[in-house]
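Trainee: Could you walk me through reading salt bridges and helices in a model like this?

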Amino acid sequence: MVRAGLTTDRLVRAGAELADEVGFDQVTASALARRFDVKVASLYSHLRNSEDLKTRIALLALEELADRAAEALAGRSGKDALGAFANVYRDYARAHPGRYAAARHPLAPETAAASAGVRIAQLTRAILRGYDLSEPDQTHAVRLLGSVFHGYVSLETAGGFSHSAPDSQESWTRILDALDSLLRNWPDHP
(Lines give C-alpha, C1' and ligand atoms only; values in the text may rest on other atoms or scores of the structure.)
Protein backbone atom coordinates (compact mmCIF):
# COMPACT_ATOMS: atom_id res chain seq x y z
CA MET A 1 0.00 0.00 0.00
CA VAL A 2 1.36 3.42 -0.99
CA ARG A 3 1.32 5.93 1.85
CA ALA A 4 -0.56 9.14 1.02
CA GLY A 5 1.75 12.02 0.16
CA LEU A 6 4.83 9.92 -0.50
CA THR A 7 6.09 9.83 -4.06
CA THR A 8 9.43 8.80 -5.47
CA ASP A 9 10.17 12.38 -6.51
CA ARG A 10 9.28 13.76 -3.10
CA LEU A 11 11.45 11.16 -1.37
CA VAL A 12 14.43 11.78 -3.66
CA ARG A 13 14.20 15.55 -3.21
CA ALA A 14 13.92 15.13 0.57
CA GLY A 15 16.91 12.78 0.42
CA ALA A 16 18.87 15.44 -1.49
CA GLU A 17 17.98 18.04 1.14
CA LEU A 18 19.03 15.58 3.85
CA ALA A 19 22.33 15.04 2.04
CA ASP A 20 22.95 18.80 2.04
CA GLU A 21 22.21 18.96 5.76
CA VAL A 22 24.04 15.90 7.12
CA GLY A 23 26.28 14.72 4.27
CA PHE A 24 25.62 12.32 1.44
CA ASP A 25 27.27 9.42 3.28
CA GLN A 26 24.71 9.74 6.06
CA VAL A 27 21.69 9.39 3.77
CA THR A 28 19.86 6.09 4.24
CA ALA A 29 16.32 4.89 3.81
CA SER A 30 16.06 4.77 7.61
CA ALA A 31 17.14 8.41 7.97
CA LEU A 32 14.67 9.42 5.27
CA ALA A 33 11.86 7.47 6.94
CA ARG A 34 12.58 9.33 10.20
CA ARG A 35 12.27 12.63 8.33
CA PHE A 36 8.75 11.67 7.21
CA ASP A 37 7.91 9.99 10.52
CA VAL A 38 7.09 6.72 8.78
CA LYS A 39 8.44 3.20 8.94
CA VAL A 40 11.16 2.28 6.44
CA ALA A 41 8.78 -0.25 4.88
CA SER A 42 6.58 2.68 3.79
CA LEU A 43 9.35 3.82 1.46
CA TYR A 44 9.72 0.52 -0.36
CA SER A 45 6.75 1.22 -2.62
CA HIS A 46 8.92 4.00 -4.08
CA LEU A 47 12.53 2.98 -3.45
CA ARG A 48 14.22 -0.43 -3.47
CA ASN A 49 16.77 0.37 -0.73
CA SER A 50 19.29 2.96 0.44
CA GLU A 51 21.50 2.41 -2.60
CA ASP A 52 18.55 3.08 -4.91
CA LEU A 53 17.91 6.30 -2.98
CA LYS A 54 21.56 7.35 -3.32
CA THR A 55 21.56 6.59 -7.04
CA ARG A 56 18.43 8.66 -7.53
CA ILE A 57 19.95 11.56 -5.57
CA ALA A 58 23.07 11.31 -7.74
CA LEU A 59 20.93 11.45 -10.88
CA LEU A 60 19.07 14.47 -9.54
CA ALA A 61 22.35 16.23 -8.73
CA LEU A 62 23.76 15.53 -12.20
CA GLU A 63 20.55 16.84 -13.77
CA GLU A 64 20.70 20.03 -11.69
CA LEU A 65 24.39 20.56 -12.54
CA ALA A 66 23.79 19.98 -16.26
CA ASP A 67 20.83 22.38 -16.32
CA ARG A 68 22.81 25.09 -14.53
CA ALA A 69 25.84 24.57 -16.75
CA ALA A 70 23.77 24.74 -19.94
CA GLU A 71 22.11 27.94 -18.77
CA ALA A 72 25.44 29.50 -17.76
CA LEU A 73 27.11 28.59 -21.06
CA ALA A 74 24.40 29.91 -23.36
CA GLY A 75 25.96 32.42 -25.74
CA ARG A 76 29.45 32.16 -24.23
CA SER A 77 32.73 30.86 -25.60
CA GLY A 78 36.41 30.68 -24.74
CA LYS A 79 37.52 32.05 -21.41
CA ASP A 80 34.06 33.41 -20.64
CA ALA A 81 32.53 29.94 -21.08
CA LEU A 82 35.31 28.30 -19.08
CA GLY A 83 34.75 30.67 -16.16
CA ALA A 84 30.98 30.30 -16.26
CA PHE A 85 31.24 26.50 -16.29
CA ALA A 86 33.77 26.45 -13.45
CA ASN A 87 31.63 28.77 -11.36
CA VAL A 88 28.62 26.49 -11.80
CA TYR A 89 30.58 23.68 -10.18
CA ARG A 90 31.90 25.87 -7.39
CA ASP A 91 28.58 27.55 -6.65
CA TYR A 92 26.68 24.25 -6.70
CA ALA A 93 29.16 22.62 -4.31
CA ARG A 94 28.88 25.53 -1.90
CA ALA A 95 25.08 25.69 -2.03
CA HIS A 96 24.48 21.93 -2.09
CA PRO A 97 27.44 20.08 -0.55
CA GLY A 98 25.58 16.78 -0.16
CA ARG A 99 24.22 16.86 -3.69
CA TYR A 100 27.65 17.77 -5.03
CA ALA A 101 29.05 14.70 -3.28
CA ALA A 102 26.18 12.67 -4.74
CA ALA A 103 27.17 13.75 -8.24
CA ARG A 104 30.40 11.78 -7.68
CA HIS A 105 28.56 8.63 -6.56
CA PRO A 106 29.52 5.61 -8.67
CA LEU A 107 26.74 4.60 -11.06
CA ALA A 108 26.21 1.39 -12.96
CA PRO A 109 27.47 1.84 -16.55
CA GLU A 110 23.98 1.76 -18.09
CA THR A 111 22.70 4.24 -15.51
CA ALA A 112 25.65 6.56 -16.07
CA ALA A 113 25.18 6.39 -19.84
CA ALA A 114 21.56 7.52 -19.48
CA SER A 115 22.32 10.22 -16.91
CA ALA A 116 22.85 13.96 -17.24
CA GLY A 117 26.54 13.26 -16.67
CA VAL A 118 26.69 12.69 -20.43
CA ARG A 119 25.33 16.20 -20.99
CA ILE A 120 27.94 17.63 -18.60
CA ALA A 121 30.69 15.90 -20.58
CA GLN A 122 29.22 17.25 -23.83
CA LEU A 123 29.14 20.76 -22.39
CA THR A 124 32.76 20.43 -21.30
CA ARG A 125 33.75 19.36 -24.80
CA ALA A 126 31.77 22.26 -26.26
CA ILE A 127 33.88 24.67 -24.21
CA LEU A 128 37.04 22.97 -25.40
CA ARG A 129 36.05 23.32 -29.07
CA GLY A 130 36.76 27.01 -28.58
CA TYR A 131 40.36 26.09 -27.81
CA ASP A 132 40.82 24.01 -30.97
CA LEU A 133 41.94 20.82 -29.23
CA SER A 134 41.72 17.54 -31.10
CA GLU A 135 41.72 14.04 -29.68
CA PRO A 136 43.29 12.70 -27.54
CA ASP A 137 44.21 16.14 -26.18
CA GLN A 138 40.54 17.07 -25.77
CA THR A 139 40.02 14.08 -23.47
CA HIS A 140 43.15 15.01 -21.52
CA ALA A 141 41.78 18.54 -21.14
CA VAL A 142 38.36 17.26 -19.97
CA ARG A 143 40.13 15.26 -17.28
CA LEU A 144 42.31 18.22 -16.33
CA LEU A 145 39.34 20.57 -15.93
CA GLY A 146 37.35 18.04 -13.92
CA SER A 147 40.33 17.39 -11.66
CA VAL A 148 41.05 21.06 -11.06
CA PHE A 149 37.42 22.05 -10.48
CA HIS A 150 36.67 19.14 -8.19
CA GLY A 151 39.98 19.33 -6.36
CA TYR A 152 39.72 23.06 -5.72
CA VAL A 153 36.10 22.91 -4.64
CA SER A 154 36.74 19.93 -2.36
CA LEU A 155 39.66 21.64 -0.63
CA GLU A 156 37.83 24.95 -0.40
CA THR A 157 34.63 23.52 1.08
CA ALA A 158 36.71 21.56 3.60
CA GLY A 159 38.23 24.86 4.80
CA GLY A 160 41.61 24.21 3.22
CA PHE A 161 42.08 27.77 1.99
CA SER A 162 40.61 29.69 4.91
CA HIS A 163 43.85 29.99 6.89
CA SER A 164 45.96 32.17 4.65
CA ALA A 165 46.06 35.04 2.19
CA PRO A 166 45.25 35.67 -0.59
CA ASP A 167 41.60 34.83 -0.28
CA SER A 168 40.12 31.88 -2.08
CA GLN A 169 38.28 33.96 -4.69
CA GLU A 170 41.51 35.60 -5.82
CA SER A 171 43.16 32.19 -6.19
CA TRP A 172 40.14 30.83 -8.07
CA THR A 173 40.27 33.72 -10.55
CA ARG A 174 44.01 33.24 -11.11
CA ILE A 175 43.56 29.48 -11.57
CA LEU A 176 40.89 30.06 -14.21
CA ASP A 177 43.22 32.52 -15.95
CA ALA A 178 46.00 29.92 -15.88
CA LEU A 179 43.68 27.21 -17.24
CA ASP A 180 42.61 29.49 -20.09
CA SER A 181 46.24 30.21 -20.90
CA LEU A 182 47.13 26.52 -20.81
CA LEU A 183 44.22 25.58 -23.05
CA ARG A 184 45.12 28.29 -25.57
CA ASN A 185 48.74 27.09 -25.56
CA TRP A 186 48.27 23.34 -25.20
CA PRO A 187 51.64 21.61 -25.56
CA ASP A 188 52.30 19.51 -28.64
CA HIS A 189 52.66 15.81 -28.05
CA PRO A 190 56.30 14.76 -28.60
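Trainee: Which side chain meets Asp 177 in a salt bridge?
Mentor: Side chains of opposite charge can pair when their charged atoms come close. A salt bridge here is a side-chain nitrogen of Lys or Arg within 4 Å of a carboxyl oxygen of Asp or Glu. In this predicted model, Asp 177 meets Lys 79, N to O at 2.8 Å. Asp 177 sits in helix α9 (residues 168-184) and Lys 79 in helix α4, so the pair ties together parts 98 residues apart in sequence. Helices are DSSP runs of H or I, at least four residues, numbered from the N terminus.

Trainee: How many residues apart are Asp 52 and Arg 56?
Mentor: An α-helix has 3.6 residues a turn, so residues three or four places apart point the same way. Asp 52 and Arg 56 are 4 residues apart in helix α3, about one turn. Their salt bridge has its closest N and O atoms 3.1 Å apart. Asp 52 is buried at 6%, whereas Arg 56 is partly exposed at 30%.

Trainee: Which residues link up with Asp 20 in a network?
Mentor: Glu 64 and Arg 99 join Asp 20 in a network of salt bridges. The structure holds 14 salt bridges.

Trainee: What should I know about the counting?
Mentor: Residues are numbered from 1 along each chain as its sequence is written. Local features need pLDDT of at least 70 and side-chain atom pairs 80 or more, while totals for chains, interfaces and linings use all residues, and side-chain values use heavy atoms, leaving out hydrogens and water.

Technical notes: Helix = DSSP H or I, 4+ residues; strand = E, 2+ residues; numbered from the N terminus. Buried < 20%, exposed > 50% of the residue type's maximum accessible area, 1.4 Å probe, protein only.
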